[in-house]
Amino acid sequence: MSLLELDGVKVHFPIKKGVLFDRTVGHVYAVDGISLKVEAGQTYGLVGESGCGKTTLGRSVLRLVDITEGSVVLDGTDLAKLPGEEMRRFRRRLQMVFQDPLGSLNPRQNIESILSEGMIAHGIGKDQEERREKIKSILDKVGLPSNALARYPHEFSGGQRQRIGIARALVLEPDVIICDEPVSALDVSVQAQVINLLEELQEELGLTYVVIAHDLAVVRHISDVIGVMYLGSLVEEAPSDALYAEPKHPYTKALMSAVPVPDPEVEDRRERILLVGDLPSPANPPSGCRFHTRCPWAQAERCSTERPELRDVGGGHRVACHFAEEIAAGTLKLTTGEVVSATREGVEDVPPTLPEQAERAEAAVAEAEEAEKAVKAEKTDTVEAADTPEKADTPEKADTAEERADEPEKADEPEKADEAEKADEPDEAEKAVTTEKPEKSKDAEKAEKAEKAEKADEAV
């Protein structure tokens, strides 16, 4: 026998109308006939879009909302039939981690008061000192310091407050913990930490989880079995790997096609199922199959009149669809909706196999390494060029400079003599200036030279 069994659970909320006397004019069918089993030590993931009744189902297990019809059996005891006081004592074995970590904690109480409140109600611990020691050990398991006992909820971050909520559930030593969107209000990095913490606690304490979420990636990471809800009903249930590998129900197929894939090539190859119409109201659900008003493969003669049962199609895979096998085989054609294959130009439509994906990944890594090496080499050449003199930029100039450095200086060499003569010769600009001097300046120079020669002769 399973640890937790739900059989035909229904939760209907009455719709009241009237001024002086309220009268019931209808019902909201939040949960409408759900049956499932959760084994001991297992994690059961419950997914679906907003408004499908996931949270209401979780609260009905704890009897936080009244069950209209059906049974909730925990370890052989039907919780739906327990009176108030017995249910209060039995609730120690069932605990819940709520979605909003701040709203679920009393802002006027410190952490020690919040965690010890349930222990006092259920008579756990002889005195406050013994309860405090147990609270410290639980805080250590969830990754919080012992000095957090005297602090208040507003002094912690969102992830730390969710750890406090988990600790509040653990101090009562429950058998089943229902996690209602435990990471939806947290950052992505903190989400991974909290999910890993839940897995560690499950292995250490042997806990059983019912995880309610709308993030398919989170549910796949933590769940052993996944159930998909639509409009208060369970439409598909299967082991996690089997459900993600081959979803059977059209609604599950549409959910999976909406999940983005981080690989751009795979993202462009895969098909997207576009549903038509809006989500029906739970106060007036469609007749027959709840999903037939939006189903791309709906058949008018059967889907709109007969409600499908959740039946096993093999391997523990249960589907509430009349034509699940035909849809999987591709023999049933689309009647409404649209299947879009968004492909880029130059990209194949056939999805690659795993070996091909591995080869492409290796090729991409090798190409990235070559590009990085080329960039580094280009930077090195640029630095060397900046440090080298201009004369050594070309091989010929560099060789000439080395030969000149190695050869001794000889004044008789014709090349150097020619260079010296060229150096003594005036530049073209100087020649131009010299030619432009008037004739009178030349005569004056000659007269000065003649006077100097005469003076030298007289001195002799």
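In this predicted model, the largest pocket holds about 720 Å³ of space. Its lining is formed by 21 residues, and those nearest the centre of the pocket are Pro247, Lys253, Met256, Ser257 and Arg270. Two or more lining residues come from each of α7 (216-222), α8 (240-245), α9 (250-257) and β11 (271-274). Classified by type, the lining of this largest pocket comprises 15 nonpolar, 2 polar and 4 charged residues.

The second largest pocket has a volume of about 430 Å³. A total of 22 residues line this second pocket, with Gln95, Phe98, Gly118, Arg168 and Leu172 lying nearest its centre. The elements β6 (94-97), α3 (111-121) and α5 (158-170) each supply two or more residues to the lining, and α3 gives the most, with 4 residues. The lining of the second largest pocket divides into 11 nonpolar, 7 polar and 4 charged residues.

The structure also holds 2 cavities of 30 Å³ or more. About 90 Å³ of space lies in the largest cavity. This cavity is lined by 14 residues, of which Pro250, Cys289, Cys295, Cys303 and Cys321 lie nearest the centre. Its lining contains 11 nonpolar and 3 polar residues, and no charged residues.

Definitions and conventions. Residues numbered from 1 in each chain as written. Predicted model: local features only at pLDDT ≥ 70, side-chain atom pairs only at ≥ 80, totals over all residues. Heavy atoms only, no water. 1 Å grid on protein atoms, 1.4 Å probe; cavity = no way out; pocket = protein on both sides within 12 Å on 5 of 7 lines; lining within 4 Å. Points joined across faces, edges and corners; volume = space filled by probe spheres on them. Nonpolar A, V, L, I, M, F, W, Y, C, P; charged D, E, K, R; others polar.
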